[in-house]
Amino acid sequence: MFVVNIFHRKVLWCCFIFFIPFNFNAQEFKNGNLEGEVHEKSELPNNWENIPYDDPVCLANEPGRDSPDLTSEDQPSVEYGINGKPYSGKTFVSGLHGLAGTSYFQEGIMQQVDGFIPGEKYTITFYQGIVQQDNALDQSGSWEIYIDTALGGISERSKTNDSWKELAFAWEKRQITFTATKESHLIKFLPLDDDSDHELSEKNENGALRMGIDLISISPAKTLPITVSESPVAGFVTIHNKGKLPADLGIYNENGEMILEKDKLPQGDSDVDVSILTPGKYDLQFTQNSIVFKISYLKN
(Lines give C-alpha, C1' and ligand atoms only; values in the text may rest on other atoms or scores of the structure.)
Protein backbone atom coordinates (compact mmCIF):
# COMPACT_ATOMS: atom_id res chain seq x y z
CA MET A 1 0.00 0.00 0.00
CA PHE A 2 1.26 3.45 -0.88
CA VAL A 3 0.93 7.05 0.30
CA VAL A 4 2.41 10.06 -1.46
CA ASN A 5 4.28 13.24 -0.54
CA ILE A 6 5.81 15.58 -3.12
CA PHE A 7 9.01 17.59 -2.81
CA HIS A 8 10.41 20.17 -5.23
CA ARG A 9 13.96 21.28 -6.00
CA LYS A 10 14.55 24.86 -7.17
CA VAL A 11 17.37 25.79 -9.54
CA LEU A 12 19.15 28.93 -8.30
CA TRP A 13 21.93 30.97 -9.99
CA CYS A 14 24.76 32.27 -7.86
CA CYS A 15 28.02 32.06 -9.84
CA PHE A 16 27.03 28.48 -10.64
CA ILE A 17 23.87 26.40 -10.80
CA PHE A 18 22.99 24.13 -7.89
CA PHE A 19 19.96 22.53 -6.32
CA ILE A 20 18.47 23.35 -2.93
CA PRO A 21 15.66 21.09 -1.70
CA PHE A 22 12.61 22.55 -0.03
CA ASN A 23 9.36 21.06 1.10
CA PHE A 24 6.68 21.63 -1.55
CA ASN A 25 3.91 19.47 -0.09
CA ALA A 26 5.37 18.11 3.15
CA GLN A 27 2.01 17.51 4.77
CA GLU A 28 1.87 14.17 6.53
CA PHE A 29 0.58 12.67 9.76
CA LYS A 30 3.26 11.80 12.26
CA ASN A 31 2.80 8.18 13.32
CA GLY A 32 -0.05 7.68 10.87
CA ASN A 33 0.17 3.97 11.65
CA LEU A 34 -1.06 4.77 15.20
CA GLU A 35 1.67 2.78 16.94
CA GLY A 36 2.30 2.88 20.68
CA GLU A 37 2.51 0.87 23.88
CA VAL A 38 -0.78 -0.12 25.52
CA HIS A 39 -0.85 -0.48 29.30
CA GLU A 40 -4.34 0.65 30.23
CA LYS A 41 -7.45 2.36 28.88
CA SER A 42 -7.43 5.90 27.45
CA GLU A 43 -3.84 5.77 26.22
CA LEU A 44 -2.99 7.44 22.90
CA PRO A 45 -0.54 6.67 20.09
CA ASN A 46 2.57 8.80 19.84
CA ASN A 47 2.09 12.26 18.27
CA TRP A 48 -1.73 12.18 18.63
CA GLU A 49 -4.08 13.95 21.05
CA ASN A 50 -7.66 13.24 22.06
CA ILE A 51 -10.35 15.72 21.02
CA PRO A 52 -11.40 17.31 24.35
CA TYR A 53 -15.04 17.33 25.41
CA ASP A 54 -15.20 21.14 25.19
CA ASP A 55 -14.00 21.21 21.58
CA PRO A 56 -16.83 22.65 19.45
CA VAL A 57 -16.98 19.55 17.21
CA CYS A 58 -17.04 16.97 20.04
CA LEU A 59 -20.36 15.76 21.47
CA ALA A 60 -18.88 14.46 24.74
CA ASN A 61 -20.25 16.46 27.65
CA GLU A 62 -17.89 15.61 30.52
CA PRO A 63 -14.17 15.12 31.12
CA GLY A 64 -13.24 11.47 30.63
CA ARG A 65 -15.98 10.93 28.05
CA ASP A 66 -13.64 12.11 25.29
CA SER A 67 -10.74 9.67 25.62
CA PRO A 68 -10.24 7.04 22.89
CA ASP A 69 -8.20 3.91 23.48
CA LEU A 70 -4.95 2.76 21.96
CA THR A 71 -5.93 -0.82 21.12
CA SER A 72 -4.17 -4.09 20.31
CA GLU A 73 -5.08 -7.77 20.09
CA ASP A 74 -5.07 -8.17 23.87
CA GLN A 75 -5.28 -4.60 25.25
CA PRO A 76 -6.67 -2.57 26.90
CA SER A 77 -9.60 -4.85 27.82
CA VAL A 78 -10.36 -8.28 26.39
CA GLU A 79 -13.04 -8.72 29.06
CA TYR A 80 -15.11 -5.85 27.67
CA GLY A 81 -14.19 -6.35 24.03
CA ILE A 82 -11.96 -3.30 23.71
CA ASN A 83 -9.38 -5.14 21.65
CA GLY A 84 -8.86 -6.39 18.10
CA LYS A 85 -6.38 -7.19 15.38
CA PRO A 86 -4.93 -4.00 13.81
CA TYR A 87 -5.02 -3.37 10.08
CA SER A 88 -1.26 -2.81 10.21
CA GLY A 89 1.40 -2.76 12.89
CA LYS A 90 0.68 -3.71 16.48
CA THR A 91 -1.87 -1.08 17.55
CA PHE A 92 -4.76 1.05 16.32
CA VAL A 93 -7.21 3.50 17.90
CA SER A 94 -10.77 2.69 18.88
CA GLY A 95 -13.32 5.27 19.98
CA LEU A 96 -16.77 5.11 21.57
CA HIS A 97 -19.88 7.03 20.53
CA GLY A 98 -22.55 6.40 23.13
CA LEU A 99 -24.84 7.59 25.91
CA ALA A 100 -25.03 6.36 29.52
CA GLY A 101 -27.74 8.24 31.41
CA THR A 102 -26.78 11.88 30.95
CA SER A 103 -23.13 11.09 30.13
CA TYR A 104 -22.39 11.43 26.43
CA PHE A 105 -19.30 9.76 24.97
CA GLN A 106 -17.54 10.66 21.72
CA GLU A 107 -13.90 9.66 21.70
CA GLY A 108 -11.78 11.01 18.85
CA ILE A 109 -8.18 11.81 17.93
CA MET A 110 -6.55 14.81 16.30
CA GLN A 111 -3.23 16.10 15.00
CA GLN A 112 -1.91 19.42 13.71
CA VAL A 113 -0.60 19.00 10.16
CA ASP A 114 1.60 21.58 8.40
CA GLY A 115 2.78 22.15 4.84
CA PHE A 116 -0.52 22.73 3.03
CA ILE A 117 -0.89 25.06 0.07
CA PRO A 118 -4.07 27.14 0.47
CA GLY A 119 -6.50 26.45 -2.36
CA GLU A 120 -5.06 23.00 -3.13
CA LYS A 121 -7.04 19.78 -2.61
CA TYR A 122 -5.81 16.93 -0.41
CA THR A 123 -7.03 13.40 0.18
CA ILE A 124 -7.05 11.73 3.60
CA THR A 125 -6.92 7.94 3.45
CA PHE A 126 -7.51 5.60 6.39
CA TYR A 127 -8.90 2.19 7.33
CA GLN A 128 -11.94 1.71 9.55
CA GLY A 129 -13.63 -1.22 11.25
CA ILE A 130 -16.46 -1.97 13.69
CA VAL A 131 -14.84 -2.98 16.96
CA GLN A 132 -17.86 -3.12 19.32
CA GLN A 133 -17.65 -3.88 23.04
CA ASP A 134 -19.85 -5.70 25.52
CA ASN A 135 -22.22 -2.71 25.94
CA ALA A 136 -21.64 -1.00 22.57
CA LEU A 137 -23.15 -3.49 20.14
CA ASP A 138 -24.08 -1.30 17.17
CA GLN A 139 -22.93 -2.98 13.97
CA SER A 140 -22.64 0.00 11.61
CA GLY A 141 -20.83 3.32 11.80
CA SER A 142 -18.47 5.86 10.26
CA TRP A 143 -15.85 8.46 11.10
CA GLU A 144 -16.38 12.21 10.92
CA ILE A 145 -13.34 14.14 9.71
CA TYR A 146 -13.08 17.79 10.70
CA ILE A 147 -10.60 20.28 9.29
CA ASP A 148 -10.21 22.62 12.28
CA THR A 149 -13.92 23.18 13.06
CA ALA A 150 -15.30 22.59 9.54
CA LEU A 151 -16.67 19.18 8.59
CA GLY A 152 -14.39 17.83 5.87
CA GLY A 153 -16.45 14.71 5.32
CA ILE A 154 -18.11 11.61 6.77
CA SER A 155 -16.70 8.28 5.68
CA GLU A 156 -18.87 5.71 3.96
CA ARG A 157 -20.27 3.57 6.74
CA SER A 158 -19.05 0.08 7.56
CA LYS A 159 -21.30 -2.79 8.62
CA THR A 160 -20.68 -6.11 10.34
CA ASN A 161 -22.51 -9.18 11.56
CA ASP A 162 -19.67 -10.21 13.88
CA SER A 163 -20.08 -10.63 17.60
CA TRP A 164 -18.41 -8.12 19.94
CA LYS A 165 -15.93 -10.84 20.87
CA GLU A 166 -14.59 -11.11 17.30
CA LEU A 167 -10.86 -10.36 17.21
CA ALA A 168 -10.20 -10.20 13.45
CA PHE A 169 -13.00 -7.88 12.34
CA ALA A 170 -13.02 -6.47 8.80
CA TRP A 171 -11.03 -3.33 7.92
CA GLU A 172 -12.18 -1.15 5.02
CA LYS A 173 -10.35 1.64 3.17
CA ARG A 174 -11.97 5.07 3.26
CA GLN A 175 -11.03 8.46 1.75
CA ILE A 176 -12.23 12.04 1.99
CA THR A 177 -10.96 15.04 -0.01
CA PHE A 178 -10.87 18.64 1.19
CA THR A 179 -9.46 21.99 0.08
CA ALA A 180 -6.83 23.56 2.32
CA THR A 181 -7.52 27.13 3.41
CA LYS A 182 -4.34 27.60 5.48
CA GLU A 183 -0.79 26.29 5.62
CA SER A 184 -1.60 24.39 8.83
CA HIS A 185 -4.77 22.56 9.85
CA LEU A 186 -5.88 20.68 12.96
CA ILE A 187 -7.38 17.47 11.57
CA LYS A 188 -9.83 15.56 13.74
CA PHE A 189 -11.36 12.08 13.58
CA LEU A 190 -14.53 11.30 15.57
CA PRO A 191 -16.49 8.00 15.64
CA LEU A 192 -20.06 8.44 14.39
CA ASP A 193 -23.03 6.23 15.19
CA ASP A 194 -25.19 6.48 12.05
CA ASP A 195 -28.55 6.30 13.85
CA SER A 196 -30.24 8.13 16.72
CA ASP A 197 -29.92 5.29 19.27
CA HIS A 198 -26.69 5.72 21.24
CA GLU A 199 -27.59 3.78 24.38
CA LEU A 200 -24.81 1.89 26.17
CA SER A 201 -26.42 -1.50 26.76
CA GLU A 202 -25.46 -5.17 26.85
CA LYS A 203 -28.74 -6.03 25.08
CA ASN A 204 -29.41 -3.22 22.61
CA GLU A 205 -27.79 -4.17 19.29
CA ASN A 206 -28.72 -0.77 17.82
CA GLY A 207 -27.24 1.20 20.69
CA ALA A 208 -23.76 2.62 21.26
CA LEU A 209 -20.91 2.18 18.78
CA ARG A 210 -17.17 1.49 19.08
CA MET A 211 -15.23 2.21 15.88
CA GLY A 212 -11.62 1.45 14.97
CA ILE A 213 -9.27 3.49 12.80
CA ASP A 214 -5.77 2.68 11.50
CA LEU A 215 -3.10 3.69 8.97
CA ILE A 216 -4.04 7.34 8.36
CA SER A 217 -2.26 9.17 5.53
CA ILE A 218 -2.65 12.32 3.47
CA SER A 219 -1.61 13.19 -0.08
CA PRO A 220 -2.23 15.84 -2.74
CA ALA A 221 -5.41 15.11 -4.68
CA LYS A 222 -3.75 15.35 -8.07
CA THR A 223 -2.50 13.05 -10.78
CA LEU A 224 1.16 12.18 -10.34
CA PRO A 225 3.51 11.39 -13.22
CA ILE A 226 4.76 8.38 -11.23
CA THR A 227 2.59 5.87 -9.37
CA VAL A 228 3.30 2.49 -7.78
CA SER A 229 1.21 -0.66 -7.49
CA GLU A 230 1.67 -4.23 -6.32
CA SER A 231 3.09 -6.40 -9.10
CA PRO A 232 1.46 -9.74 -9.98
CA VAL A 233 4.98 -11.15 -9.65
CA ALA A 234 5.72 -12.08 -6.02
CA GLY A 235 8.38 -9.90 -4.42
CA PHE A 236 8.06 -7.07 -6.97
CA VAL A 237 6.31 -3.71 -7.22
CA THR A 238 5.36 -2.08 -10.51
CA ILE A 239 6.47 1.49 -11.22
CA HIS A 240 4.17 3.36 -13.63
CA ASN A 241 6.18 6.21 -15.17
CA LYS A 242 3.71 8.39 -17.07
CA GLY A 243 6.20 11.24 -17.43
CA LYS A 244 8.31 12.12 -20.45
CA LEU A 245 11.67 11.41 -18.78
CA PRO A 246 13.34 8.51 -16.96
CA ALA A 247 13.21 8.52 -13.17
CA ASP A 248 15.75 7.55 -10.51
CA LEU A 249 14.53 5.55 -7.50
CA GLY A 250 15.91 5.27 -3.97
CA ILE A 251 14.19 3.13 -1.32
CA TYR A 252 14.74 4.24 2.30
CA ASN A 253 13.86 2.60 5.61
CA GLU A 254 12.28 4.39 8.57
CA ASN A 255 15.73 5.46 9.77
CA GLY A 256 16.39 7.27 6.48
CA GLU A 257 18.92 4.69 5.28
CA MET A 258 18.92 3.84 1.57
CA ILE A 259 18.24 0.12 1.12
CA LEU A 260 17.89 -0.10 -2.65
CA GLU A 261 18.65 2.14 -5.65
CA LYS A 262 17.54 1.99 -9.28
CA ASP A 263 18.63 4.55 -11.88
CA LYS A 264 16.83 5.74 -15.01
CA LEU A 265 13.59 3.81 -14.82
CA PRO A 266 12.11 4.29 -18.32
CA GLN A 267 8.72 5.57 -19.40
CA GLY A 268 5.94 3.04 -19.03
CA ASP A 269 5.83 0.20 -16.52
CA SER A 270 8.83 -1.34 -14.76
CA ASP A 271 8.87 -4.16 -12.22
CA VAL A 272 11.31 -3.58 -9.34
CA ASP A 273 12.45 -6.44 -7.13
CA VAL A 274 11.80 -5.54 -3.46
CA SER A 275 12.16 -9.06 -2.09
CA ILE A 276 15.16 -8.00 0.02
CA LEU A 277 12.91 -5.68 2.07
CA THR A 278 11.73 -7.02 5.41
CA PRO A 279 8.14 -6.20 6.55
CA GLY A 280 7.82 -2.55 7.51
CA LYS A 281 7.37 0.97 6.17
CA TYR A 282 9.65 2.38 3.45
CA ASP A 283 9.92 5.57 1.41
CA LEU A 284 10.18 5.14 -2.37
CA GLN A 285 11.81 8.39 -3.49
CA PHE A 286 11.71 9.16 -7.22
CA THR A 287 13.69 11.95 -8.89
CA GLN A 288 12.42 13.08 -12.29
CA ASN A 289 13.23 16.37 -13.98
CA SER A 290 14.44 17.91 -10.68
CA ILE A 291 11.17 17.01 -8.93
CA VAL A 292 11.18 14.43 -6.13
CA PHE A 293 8.16 12.21 -5.47
CA LYS A 294 8.18 10.46 -2.11
CA ILE A 295 5.80 7.51 -1.90
CA SER A 296 5.43 5.61 1.38
CA TYR A 297 5.25 1.84 0.95
CA LEU A 298 4.09 -0.60 3.62
CA LYS A 299 5.46 -4.10 3.03
CA ASN A 300 3.54 -6.83 4.83
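The structure is a predicted model, in which local features need pLDDT of at least 70 and side-chain atom pairs count only at pLDDT 80 or more, while totals for chains, interfaces and linings use all residues. Residues are numbered from 1 along each chain as its sequence is written, and side-chain values use heavy atoms, with hydrogens and water left out.

**The sheet**

Let us start with the strands, which, like helices, are DSSP runs numbered from the N terminus (strands are E runs of at least two residues; helices are H or I runs of at least four). Three of them form an open sheet in the order β15-β16-β19, with antiparallel pairing. The edges are taken by β15 (226-230) and β19 (268-273); each has a single partner strand, so one side of each is left without a neighbour in the sheet. On average, neighbouring strands here are turned by 25° against each other, direction ignored. That angle rests on axes fitted to C-alpha atoms; in general, angles run from 0 to 180 degrees between N-to-C directions.

Strand β16 (residues 236-241) runs antiparallel to β19 and is joined to β19 by six bridges. Two strands count as paired if DSSP finds at least two bridges between them. One of the contacts to look for is Asn241, whose bridge partner in β19 is Gly268.

**Aromatic pairs**

Across the whole structure, a search finds 11 aromatic pairs. Rings of Phe, Tyr and Trp (its six-membered ring) pair if their centres lie within 6.5 Å; planes under 30 degrees apart count as stacked, over 60 as edge-to-face and the rest as tilted. In the pair of Phe116 and Phe178, the ring centres are 5.8 Å apart and the planes stand at 70°, so this pair is edge-to-face. It links distant parts of the chain, 62 residues apart: Phe116 sits in the loop between β7 (109-114) and β8 (121-130), and Phe178 in strand β12 (residues 172-179).

Phe178 also forms a pair with Tyr122, this one tilted, at 6.1 Å centre to centre and 35° between the planes. Here strand β8 supplies Tyr122 and strand β12 supplies Phe178, 56 residues apart. Phe116 is buried at 3% relative accessibility, Phe178 is buried at 6%, and Tyr122 is buried at 0%. Buried means under 20% relative accessible area, exposed over 50%, and partly exposed in between (1.4 Å probe, protein chains only).

Elsewhere, ring pairs link Phe29, Trp48, Phe126 and Phe189 into a cluster.

**Salt bridges**

The structure holds seven salt bridges, each defined as a side-chain nitrogen of Lys or Arg within 4 Å of a carboxyl oxygen of Asp or Glu. Here are some of them.

| Pair | N to O distance |
|---|---|
| Asp69 and Arg210 | 3.1 Å |
| Glu107 and Arg210 | 3.7 Å |
| Asp148 and Lys182 | 3.4 Å |

Asp69, Glu107 and Arg210 are linked in a network of salt bridges. Asp69 is buried at 4% relative accessibility, as are Arg210 at 2% and Glu107 at 5%. Glu107 lies in the loop between β6 (103-106) and β7 and Arg210 in strand β14, so their bridge ties together parts that are 103 residues apart in sequence.

The bridge between Asp148 and Lys182 pairs a buried residue, Asp148 at 19% relative accessible area, with a partly exposed one, Lys182 at 40%.
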